[in-house]
Amino acid sequence: MKKEKKMTLTLPIEEHIGAGNLACQGCGANLALRYVLKALGQRTILCIPACCWAVIDGGFPHSCADVPIYHCAFETAASTATGVKAGLDMIGDKETTVMAWAGDGGTFDIGLQALSGAAERNDDIIYACYDNEAYMNTGIQRSSATPSGAWTTTTPVKFPKDQPKKDIDAIMAAHNIPYLATASTSYPEDLFKKAKKAKEIRGTKFLHIYAPCPTGWKSRPEDTVKLGRMVVQNGIFPLYEVEGGEKYTQTIKVKDKKPIDDYLKLQGRFRHLKPEGIAMLQDEVDRRYARLLKKFENK
Amino acid sequence: MKKVIMGNHALSYGAMLARTQVIAAYPITPQTQVVELLSEMCADGTLNAKFIKVESEHSAMAACIGASIAGARTFTATSSQGLALMHEMLHWAAGGRLPIVMGNINRAMAPGWTIWTDQNDSLSQRDTGWLQFYCSSNQEVLDTVLQAYKISETISIPSMVVLDAFALSHTYEVVDIPDQALVDEYLPKFKPYATVTPDDPRAFDGLTGPEHYMELRYKLQKDMEKVPALFEETGRQYEKIFGRRLSAVEPYLCDDAEIVLVTSGTAGYTARVAVEEMRKKGLKVGNLRIKMFRPFPFEDCRRILAKTPKIAVLDRNISYGHHGIFSQELKSALYGTGNQAVFAFIAGLGGRDITADSFREMIETVSRTDRPTEDILWIGVKR
C-alpha cells in the first residue's frame, strides 16, 4: 500500500471572510485578505478605499467579513486609517489593529500622497496593497503598477504600456519605515508570517501582496495559484522584507531563476507580445532582480 | 476668565474647552494661529488630544472622519484653497453622518493668489450637507464652537464655524473664556451613534444601491430640518449656563424698519453704524444678521422681514451667472410670502474694505427706487 503523505495545517483554521462574497472566480485579492486576516485576527479594523474589495465585501447592508470595515474615499486609505488609530487611542483602545486595505491604483497612484504622509509620520497602521496590476474594479485600466508590455483597456494592443511598473517598494523603503514586505497569495505561509510580524511592530508597516486577477489578466481562474508561484520563481516579484529601510531579507529564496516566457503565456494581456518584446521585458526583470540581490546581501 | 485674544485663538480655545480628542490639520494663511495654539496645548498637556500633522487638507478631513467613526471628538480648521481641496471629504463626513466641527476662515479663492477675505470658499460648500455658522465677534466664535459640537453630536451632522479673514481672524477682542466645569456641564463626553469596532463588527459607508441611497439622503434632509429648533434649544441652554444667548439670526431695529440691511459675518456690526446714523436722521433702517446659513433660517427670515418693504442684501460672495448667494437664498425664502423688494448688493470681494460708507451708499440706492434697477448692484467696483 502506498504510504499517504500527511499534510500539516500551518495556518489557523478560523476564517474572517465568508464564502459567497462578490469576488470573481480565481480572485487573488480574495485569497490575500483571507490569509492576512488569519494572521491579524478578529480585532482588526479595515479601512477600504475604492478598489475591488469595496465591492467584494458586499453592498449595503451586507458584509462578508466578521471584522469591522470603514469604506473610505479612494485616496484616503492611509489617512483614514491614521485617523481611526488616533481615535481608538483616545477612547482607550490600544489593542485593535488598524489596516488600510487598498488596491494598486489606490496605493501607487491616487493614494500615494496620503500613504507617504502616514509613512513619514510613522503612524501605527498596517498599509496593505493587494496588487492586481491595473484598475480592475473599473474595468481593467492601466495603473502605474501595470507592468510594461501589458494590455489594458487604456493601453490597447496597438500601444501597450511602455513604462515599467512603478517601484513602490523602493519608494516605501526610502521612507525608512520599520517594516515592509512583499508577499504572494501563492505562498500563504510566508504571507501569514509577514502579516503576523507586521501586527507586532509599532509604526507604519507596508505589505505589498501580489494578487492575480483572471478577469483582468485574461488568465484561467485555475491558474491563479500557479501564476502566484511563477512570478516569484522567475524573479518578477521576489519575496522579501525590509526592516528600518535598510535590512533586506529574501524570505523565499529562488535557486534557479526561470525565464518569464511561461508566465506570460498563461495571460491574455501579454498575448500580443513578439519575441523581441519578451526579450526586452526579460532584460528589465533581470536588471531589477540583480539590483535587489545586491540589497539582499545587505551590501 | 476674560482674555484679549484673536479670532483664530477663539477657535482654539473653543476646541480646547470642548475637550477635542483628535485634531488633524494642515497650515494655510490665515488659519495658522488656530492650529499653532492647539499644537502647543497638545504639547504641554493643556489639551489631552492627538494632533495629526497631515500632509494635506484632504488627509486632514479623512483623518477626522476616521477618528470620528472610531468614537473620538474631532476638530480641524482650514481656509479657502484648503477647504476646496477637502470638498470630496466634506461630502463624506456629512454623508457618513459624522459630527466633526471645523473652523473655516473665509478667504477668497485663487487665482489670482489672495489671502484676503470673502465668502466664496465656504459658500461653494453649501451643498455638502454641513451646518454653517457665520460669526461676527471673537466671543461668538468661541461660543459657537461649543454650541456646534452640541448640535452636531445631537443630530449627527458636521458643523463649519466661519469667520472673516483678518477682519475677525486676526482681530483682538475681549473674550470671556468660560470655566471648564461649566463647559463640561453643557457639553458632556461624546457619545457616538455608532462606531467602527471589533466588538460590534459592521461595514460603514460601503456600496449603496438605488434601493437604499435615497433614504439615506432623505434622512439627512429631515434631520437638517430639525436644526433650527435645535439651535434655539441649545442656544437657550447656553444662555442659562453662560449668560449669552446664541441665535441663528440677529435682528437689530427691524420691527418698524422700512429698509433692512441683511448681512453676515463681521459686516453686520459695520452696518449697525450706518443704521444708527440713519435712525438719528429719522430714516427707519434696520439690520438683520444671518448667522446660520445651513440650514437656511427660512422661518426666522419670513417672520422678521414679513412687513419690510425694502430689503438690501450685502453679499461678500458671488455665484457667477447668478447673484450673490445670500440674496438668492433670501429671495427663495421670501418667495410667495409678500411683496418685498430685494436689492442684491455685492461688495468686498477679495478683501476690499466694507465700511459704513458702503452701507450709506446701499441705503441711498434703495431709497431712490421702489424696485432694484439691476439684478446685481455693485458697491465700490472700478468699471
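Helices (H or I, at least four residues) and strands (E, at least two) are DSSP runs, numbered from the N terminus. This is a predicted model: local features need pLDDT of at least 70, side-chain atom pairs count only at pLDDT 80 or more, and totals for chains, interfaces and linings use all residues. Residues are numbered from 1 along each chain as its sequence is written, chains are lettered from A and ligands numbered from 1 in the order in which they are written, and side-chain values use heavy atoms, with hydrogens and water left out.

Start with the loops. Most residues other than glycine have a negative phi, and most peptide bonds are trans. In chain B, Pro295(B) sits in the loop between strand S13 (292–294) and helix H10 (298–304). The peptide bond from Arg294(B) to Pro295(B) is cis, with omega near -5°. Chain A has a cis bond too, joining Phe60(A) and Pro61(A), with omega about 5°. Pro61(A) belongs to the loop between helix H2 (52–56) and S2 of chain A. Then look at Lys218(A), a residue other than glycine with a positive phi, near 55°. Its loop runs between helix H8 (214–217) and helix H9 (224–233) of chain A.

Now turn to the sheets. Two strands pair if DSSP finds at least two bridges between them. One open sheet has nine strands, in the order S8(A)-S7(A)-S5(A)-S6(A)-S4(A)-S3(A)-S1(A)-S2(A)-S9(B), with mixed pairing. Its edge strands are strand S8 (247–250) of chain A and S9 of chain B, and each pairs on one side only. Tyr70(A) stands opposite Phe204(B) in S9(B).

Chain B has an open sheet of six strands, in the order S10-S12-S11-S14-S15-S16, again with mixed pairing. Strand S10 (249–252) and strand S16 (377–378) are its edges. Inside chain B, strand S11 (residues 259–263) and strand S12 (residues 285–290) pair in the parallel sense over five bridges. Val262(B) has Leu288(B) in S12(B) as its bridge partner.

Next comes the place where the chains meet. How many residues does each chain give to the contact? Chain B gives 38 and chain A gives 36, where contact means heavy atoms within 4.5 Å. The size of an interface is often given as the accessible area lost when the parts come together. Here the buried area (accessible area, 1.4 Å probe, that two parts lose on being put together, summed over both) is about 2,900 Å², and carbon and sulfur atoms give 66% of that area. In chain B, Glu55(B), Pro198(B) and Leu207(B) lose the most area to chain A, together 20% of what that side buries.

Polar links cross the interface as well. The count is 14 residue pairs in polar contact, both at pLDDT 80 or more. A polar contact is a pair of N or O atoms within 3.5 Å; within protein, one must be able to donate a hydrogen and the other to accept it, and residues adjacent in sequence count only if both atoms are side-chain atoms. On the chain B side, the elements that give two or more residues are strand S3 (50–53), helix H3 (57–70), helix H4 (80–95) and strand S9 (203–204). H3(B) gives the most, with nine residues. By class, this side has 20 nonpolar, eleven polar and seven charged residues. Ala, Val, Leu, Ile, Met, Phe, Trp, Tyr, Cys and Pro count as nonpolar, Asp, Glu, Lys and Arg as charged, and the others, Gly among them, as polar.

Side chains of opposite charge can pair when their charged atoms come close. A salt bridge is a side-chain nitrogen of Lys or Arg within 4 Å of a carboxyl oxygen of Asp or Glu. Three salt bridges span the interface of chain B and chain A. Lys50(B) forms a salt bridge with Asp89(A), with the closest N and O atoms 3.4 Å apart. Over all chains, the structure holds 45 salt bridges. Within chain A, Asp124(A) bridges to Lys85(A), the closest N and O atoms being 3.8 Å apart. Asp124(A) lies in the loop between helix H5 (112–121) and S4, and Lys85(A) in helix H3 (residues 77–91), so the pair ties together parts of chain A that are 39 residues apart in sequence.
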